[in-house]
Amino acid sequence: MTALASTAIVFTLIGLAVVNSSGWPAVRQAFLNGALFRASFADVARAFELNVKMFLVAEVLILAFALGVAVLRSLPGPVFFPIRAIAIVYTDIFRGLPTVLVVYVLALGVPGLQLTGVPKSAVFWAVIGLVLVYSAYVAEVYRAGIESVHPSQESAARSLGLSRLQTLRYVILPQAVRRVVPPLLNDFIGLQKDTALVAFAGPVEAFRQAQIGEAANFNFTPYMCAAVLFLALTIPLTRTTDWLIARDRRRRALGVL
Amino acid sequence: MRMRAFVMAVAAAVLVAACGSSGGTTASPGGSTAGNPCAKSNLTLVTPGQLTIGTDNPAFDPYFQGPTGHEWKGEFNHDPYNDQGFEDATAYAVAQQLGFSKDQVNWVAVPFNNSYKPGPKNFDFYLAQVSYSPQRAKGADLSDSYYDEQEAVVALQGTDISKATSVAALKPFTFGAQIGTTSYDVTNSTIAPDSAVQTFNTLNAALQALKNGQIDGLVVDFPTAYYMANIQLDNGTIVGILPSTAGKEHFSMVLEQGSSLTQCVNGALSALRADGTLAQIQDRWLNQAAHAPELQ
């Protein structure tokens, strides 16, 4: 009850400060124009379809590719050092580069090579760029999960007669992946928003459609349409993530895992 | 061309008439009468006694001509290119008409979308090939025309699109335009291509996409099209000028909404148009002699 009251007071005060500021009428006209919001929403929503499609395709590719990188990086023994080294260099480079740079260079650069049989679509190369960058993050998340499984689990599995691959498949990965679901979802929330970067290479997605509306009307309201659409997608995912984290904590406390 | 000349003559006549009705002396230089709102001493300026003009950075040929790449380097408080280029020269002509000497002009770099954001401005007027539209005029003051604009299609020589002679023949191709430009709107309204128009943050990115074959044609204003086809691209060509835009579009200077300076800038522009200065500047910096076919 106290929490509710203090929250109400804080937000009322902030709201009053904003609404009574001298620039409020101009800002409201430029950012919160109801008529323009309604006029722009359909266009922005149509463009948002591209964000959703890119997100869905990239997510599946990232889950598979990153798992491969994480497994390669976890291979033991000196024989596999070159493979581990490649995996390390890859994650270092693509976690270190700004995502927009990777997308921009791939989507405008690779088609410039004029190679036959190589797609020229900017969307294709933007998805590849997102997969490369996000897989570097997600591979590290997977690796943390793999390393969190106690070594005795592997020893036990091997002593039961499972091969190294079987141990990985049936003992290590199921436990590892379950533990890293919350941080994985975290990365995917970021991925949803970064689909907007494809616009740098030409295709019109939701943010870019809002920008077009902005420039045509000298008014920033169309961005609010994009904001609403992105939130409609990300908030359910963030709530799900929180719920999964809470459930995980309960189960651990009960000793289920 | 004849049609265009006629339209321009009409526009000039209208402007002169408009100027006459609002008092022909509004833009006379040096006039310091207390009753003249456009006398230099009566102007409300960002920096008193100085005219602060904004444009985008980098600025582009043939509107601003400067060192390679046309980025402003170092000091932003003075003219980066010394009167070189169409908009640069136009800005100085307006400044002079308002009674400012060259060293009373300051330049500021302003990204396009900052030119119309709400709140106080850091420039007195802004010019960067901003096209007029009634919707835009609701968000900021837009001056009368300083250039009547036409949109043209740039392509690579020998491509299928370069052989098109009508707007209908352009439909199946993929087009690109710069984000936030009326070129984008015109592409959609005039050509209405079968596939979605691609947009780019910069014209350089759009040119790269054109070279890559990711887009078949690039729609830009005619002076830019001319510059691209003849100077920036090794194998560029202008497919043609889009018909419905001829004489209907123009560049406007952007001012703060409700600015008292707007009528003074308009007065200066109409005076410059009437005495032929604008035409001279246009002839010098925009190579209008280069003829491109009008698409049917």
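What share of the 296 residues of chain B count as buried? Select chain B and colour it by burial: 49% of its 296 residues count as buried, where buried means that 20 or more other C-beta atoms, placed from the backbone, lie within 10 Å of the residue's own, while 12 or fewer make it exposed and anything in between partly exposed.

Before going further, note that this is a predicted model, in which local features need pLDDT of at least 70 and side-chain atom pairs count only at pLDDT 80 or more, whereas totals for chains, interfaces and linings use all residues. Residues are numbered from 1 along each chain as its sequence is written, and chains are lettered from A and ligands numbered from 1 in the order in which they are written.

**The whole chain and its domains**

Switch to a cartoon of chain B, and the secondary structure comes to seven helices and 12 strands, taken as DSSP runs numbered from the N terminus, with helices being H or I of at least four residues and strands being E of at least two. Next, colour domain 1 (2–147 + 255–285) and domain 2 (151–245) of chain B separately; these bounds come from an automatic or database domain assignment. Eight residues of domain 1 of chain B are in contact with six residues of domain 2 of chain B, a contact being two C-beta atoms, placed from the backbone, that lie within 7 Å.

Zoom in on strand 6 (residues 151–156) of chain B, which pairs with strand 10 of chain B in the antiparallel sense over five bridges, with V154(B) having I238(B) as its bridge partner. Strand 6 of chain B also pairs with strand 9 (residues 217–221) of chain B, again in the antiparallel sense, over four bridges, and here the bridge partner of A152(B) is V220(B). Strand 10 (residues 236–241) of chain B is mostly covered, with five of its six residues buried.

**A buried leucine in a loop**

From the sheet, move to L170(B), which is found in the loop between strand 6 and strand 7 of chain B. L170(B) counts as buried because it has 26 C-beta neighbours inside 10 Å. Setting aside neighbours within four places in sequence, its contacts are V153(B), I161(B), A164(B), I191(B), P193(B) and G217(B).

**The side facing chain A**

Bring chain A into view: 28 residues of chain B are in contact with 22 residues of chain A. Helix 3 (182–191), strand 8 (198–200) and helix 4 (203–212) of chain B each supply at least two residues of the side of chain B that touches chain A, and the largest share, five residues, comes from helix 4 of chain B.

**Two helices to finish**

Finally, select helix 2 (residues 86–97) and helix 6 (residues 261–274) of chain B, which pack at an angle of about 105 degrees with their axes 9 Å apart. Where do they meet? A93(B), V94(B) and Q97(B) in helix 2 of chain B meet V265(B), A268(B), L269(B), A271(B) and L272(B) in helix 6 of chain B.

Definitions and conventions. Two strands pair if DSSP finds at least two bridges between them. Axes are lines fitted to C-alpha atoms, for helices over the stretch in contact, and angles run from 0 to 180 degrees between N-to-C directions.
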